[in-house]
Amino acid sequence: MNYFPDEVLEHVFDFITSHKDRNSVSLVCKSWYKIERYSRQRVFIGNCYSISPERLIARFPGLKSLTLKGKPHFADFNLVPHDWGGFVYPWIEALAKSRIGLEELRLKRMVVSDESLELLSKSFVNFKSLVLVSCEGFTTDGLAAIAANCRFLRELDLQENEVDDHRGHWLSCFPESCTSLISLNFACLRGEVNLGALERLVSRSPNLKSLRLNRAVPLDTLQKLLMRAPQLVDLGIGSYVHDPFSEAYNKLKIAIQRCKSIRSLSGFLEVAPHCMSAIYPICGNLTFLNLSYAPGLHGNKLMKLIQHCRKLQRLWILDCIGDKGLGVVALTCKELQELRVFPSDPFEAGNAAVTEEGLVLVSAGCTKLNSLLYFCQQMTNAALITVAKNCPNFIRFRLCILDPIKPDPVTNQPLDEGFGAIVQSCKGLKRLSLSGLLTDQVFLYIGMYAEQLEMLSIAFAADSDKGMLYVLNGCKKLRKLEIRDCPFGDSALLEDVGKYETMRSLWMSSCEVTLGGCKSVAEKMPTLNVEIIDESEQMEFNLDDKQKVDKMYLYRTLVGHRKDAPEYVWIL
Amino acid sequence: MAFEKDLNLDATELRLGLPGSSDESAKNQTPATLRSNNKRALPEESMSSNATASKNCDQETAPLPKAQVVGWPPIRSYRKNNLQPKKSEGEISGIYVKVSMDGAPYLRKIDLKVFKGYPELLKALEEMFKFKAGEYSEREGYNGSEFVPTYEDKDGDWMLVGDVPWEMFTNSCKKLKIMKGSEARGLGCV
């Protein structure tokens, strides 16, 4: 290919969009590496500590869009202390100093300060898109800076962030000249917004396709917004509480009927279930429905709603739908690909929770199902075997039995065979989360059959090191392994330390690995950062190698030890 | 976890609640093997570690009490903090939480929904248990008082009443406890 001028190759590379493919392209030869790096606009960094902003900037001078992930996944469940790391400021600072014309920044599980948002808003003239998922550390003041300074902002998407809401007028900070908004999602904010400013903003945003409101936006404002934006494709309703006989409700019905393009519906953060009929006219077109924050919607009202949604591809729901409700889903939603069932009360599973029956029903009715997150009371091997037969196309299969070591309640056996059937049948499985009573056997199956597996989450499982070894030896494509409360120790950890360089990261907490074992890994693999997280001050006083380590997080990196770790993190 | 079970601390605690009304679920007592240290020692719960239970399914050990296992079930904190309590159709039910006080012979229950904010709640608690909480400040907590109002949140942590916005508090408060000032050291009060 050396006889093609660079421009031609560049043009060809334009068609290669997946990160994996572009990375592969860059490895072919020096000249391809060079062409690829100059033409690369989008970069994805799965672990912000694997590389430094300076090296990123040096390699990709044409960078326009950056995606960064910070804390390990188990941080979502309070297993990682708050100030562990994942600060975005150094990245923004470095990018601001460079000549990079950043246009898009997508962050997940990172600490984002108001300072960083302000710096971001002032440093990049063409900045267009900010997406923050599960981040923390900022307030509505930071959002005000983004609104005020990013003149060509198209997207502000805040998903499930912990935001300190100063109830300021951040929405009013969008200048009159800002007419470019395509997507605005502030559902996770708790405070009031200036409703007039919101209405005016929507009025002057003809390209607005996605609007997700927070709880503070009342129904009559919703109706006004819908009248001004009938072109919406994605709607998140904040408050949906009203009197079905009121004028406001009638107006809403009319407004909703005009919105013929809505394909995605979420929110209902406050809901009066007897008023759902206004939504029916748009249900027939929905491909995504997220009712996972609406526990007030259950029983017959919920089922009636679902019955209108024949084209649904993705459904996020609470377990108060019950097995019966899942039966309705199975009958109605023949196009369903993704199902997520969340617990409505995680601490006291009541009658409304779902069991293996609901899952079996869905698997029988929705044969296109390929992605599952299912919190349930119980599961049986027989059910899992049936599900595996019905749905061989699973890419993501995450099962969470609320009692994490519960066996099959019918046979009292561990769930090894059930999960074994899943991995054997679903040849394309990339992500798996296990729960229930599990022995080493399930890991034997995973190692044998889960050839495409990239991410595995294990809790309260296995009997011995063999479990972990089966997985490390068998799953060639494994990238992320996270383990808690399993009897895996040093011999499993140390069996093949080279493997960890082929993975993004390994998390082990409340297992049997010792300080000595972790030190050994660190010694043998200088390209890994091995972090010990221990808040109990044990580490300060007792550096015995035989001591068990509470939490270990190791990850490959090109830039050595990070400098921003707090005192209770030891990098070996 | 095993340590606590042997001492059966709950049974000897001087509280008047219904029998069997503690956090352990009364449902489905299928025997299950207790995993080795599913939780590291925290100040309140001193557990001995390393009871690597054998893998025998017939062992008579209770299922793990869900509320005490950190990070289980694996749900994002955001979701836990933002899920509104279920409301029965057409009407808004109250948020009833137990209130205990050190030294008091029995517990009370109050409906958090009837209060508009912290001052009203504190006044009601003071009247109910005949104590004075003192002045609340962000830095020092409740200054100048023998008793301090605390609560257990959805994560199982004990927190000082008053630190978070009222709505966040009512959504995440599982139970209240009026602690003696001396015990409440470490929650930021004198």
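Visitor: Which domains does the assignment give for chain A?
Guide: The domain assignment of chain A gives domain 1 (1–40), domain 2 (46–468) and domain 3 (489–571). Please keep in mind that this is a predicted model.

Visitor: How many residues does each side give to the contact between domain 1 of chain A and domain 2 of chain A?
Guide: Seven residues come from domain 1 of chain A and seven residues from domain 2 of chain A. The centres of these two domains, taken over C-alpha atoms, are 34 Å apart.

Visitor: And what area do domain 1 of chain A and domain 2 of chain A bury between them?
Guide: They bury about 580 Å², with 43% of it on carbon and sulfur atoms. The size of an interface is often given as the accessible area lost when the parts come together.

Visitor: How many salt bridges are counted between domain 1 of chain A and domain 2 of chain A?
Guide: The count is one salt bridge. Lys20(A) forms a salt bridge with Glu454(A), and their closest N and O atoms are 3.4 Å apart. Between domain 1 of chain A and domain 2 of chain A there are also five residue pairs in polar contact, counting pairs with both residues at pLDDT 80 or more.

Visitor: Which elements give two or more residues to the side of domain 1 of chain A that touches domain 2 of chain A?
Guide: Those elements are helix 2 (19–26) and helix 3 (30–39) of chain A. The largest share of that side, four residues, comes from helix 3 of chain A. By type, the residues of that side of domain 1 of chain A divide into two nonpolar, one polar and four charged.

Visitor: Staying with helix 3 of chain A, which residues are buried there?
Guide: In helix 3 of chain A, the buried residues are Trp32(A), Ile35(A), Glu36(A), Arg37(A) and Ser39(A). The buried residues of this helix pack against helix 1 (6–14), helix 2 and helix 4 (53–59) of chain A.

Visitor: Which residue of chain A does Arg76(B) form a salt bridge with?
Guide: Arg76(B) forms a salt bridge with Asp76(A), and the closest N and O atoms are 3.2 Å apart. This pair crosses between chains: Arg76(B) is in the loop between helix 2 (9–12) and helix 3 (77–82) of chain B, while Asp76(A) is in the loop between strand 2 (65–69) and helix 5 (89–97) of chain A.

Visitor: Is Asp76(A) buried or exposed?
Guide: Asp76(A) counts as buried because its relative accessibility is 8%, under the cut-off of 20%. Arg76(B) is partly exposed, with a relative accessible area of 22%. Salt bridges that share partners join Asp76(A), Arg109(A), Glu160(A), Arg76(B) and Arg79(B) into one network.

Visitor: How many helices and strands does chain B have?
Guide: Chain B has five helices and seven strands. Along the sequence, they follow the pattern α-α-α-β-β-α-β-β-β-β-α-β. Of its 190 residues, 42% count as buried.

Visitor: Back to chain A, please. Where does Met508(A) lie?
Guide: Met508(A) lies in strand 20 (residues 505–509) of chain A. Met508(A) counts as buried, at 0% relative accessibility. Leaving aside neighbours within four places in sequence, its contacts include Met468(A), Ile483(A) and Phe488(A).

Key. Residues numbered from 1 in each chain as written. Chains lettered and ligands numbered in written order. Predicted model: local features only at pLDDT ≥ 70, side-chain atom pairs only at ≥ 80, totals over all residues. Heavy atoms only, no water. Buried < 20%, exposed > 50% of the residue type's maximum accessible area, 1.4 Å probe, protein only. Contact = heavy atoms within 4.5 Å. Domains from an automatic or database assignment. Buried area = accessible area lost by both parts, 1.4 Å probe. Salt bridge = Lys/Arg side-chain N within 4 Å of Asp/Glu carboxyl O. Polar contact = N/O pair within 3.5 Å; in protein donor to acceptor, adjacent residues only side chain to side chain. Nonpolar A, V, L, I, M, F, W, Y, C, P; charged D, E, K, R; others polar.
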